[in-house]
Amino acid sequence: MVFTGIVEEMGAVVSMERQSDLLLWDNSRGEGWVLKVRMEKGLVDAYQGASIAINGVCLTVLEWPVTDGVVSFGVAPETIRLTNLVPPARPARAPRAAACA
């Protein structure tokens, strides 16, 4: 997945909650976090399973359709350890993925 890198909006972090039974990237279940971000432009052409970059971190949309522009992402412990997604009180940069020609 290639992202444009053009930040078209600053999404608002709604919540980041720890869950003990989150479906992880390898289809196992374990501890992780659900990050919820309110955005508009970042949701154009999005769908369940779509990749959206949040602060430079490629995350996968958990549920579609969204309610009130709030999209949920699953975040694995390793992602928390290696990125700037915590603390969640900051605005979230959300560039869209580039369209394939």
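## Overall fold

The protein chain has 1 helix and 6 strands. These are DSSP runs, numbered from the N terminus: helices are H or I with at least four residues, strands are E with at least two. From the N terminus on, the order is β-β-β-β-β-α-β. This is a predicted model, where local features need pLDDT of at least 70 and side-chain atom pairs count only at pLDDT 80 or more, while totals for chains, interfaces and linings use all residues. Residues are numbered from 1 along each chain as its sequence is written, and side-chain values use heavy atoms, leaving out hydrogens and water.

## Strand β5 and its partner

Buried means under 20% relative accessible area (1.4 Å probe, protein chains only). Strand β2 (residues 29–38) pairs with β5 in the antiparallel sense over 6 bridges. Pairing requires at least two DSSP bridges between two strands. Lys36 stands opposite Ser72 in β5.

## Leu35 and Ser15

Which residues is Leu35 in contact with, leaving aside its neighbours within four places in sequence? They are Val13, Ser15, Met16, Ile54, Leu59, Val71, Ser72, Phe73 and Val75. Contact means heavy atoms within 4.5 Å.

Ser15 is found in strand β1 (residues 10–23). Ser15 is buried, with a relative accessible area of 19%. Beyond its neighbours within four places in sequence, Ser15 is in contact with Val34, Leu35 and Lys36.

Technical notes: Buried means under 20% relative accessible area, exposed over 50%, partly exposed in between (1.4 Å probe, protein chains only).
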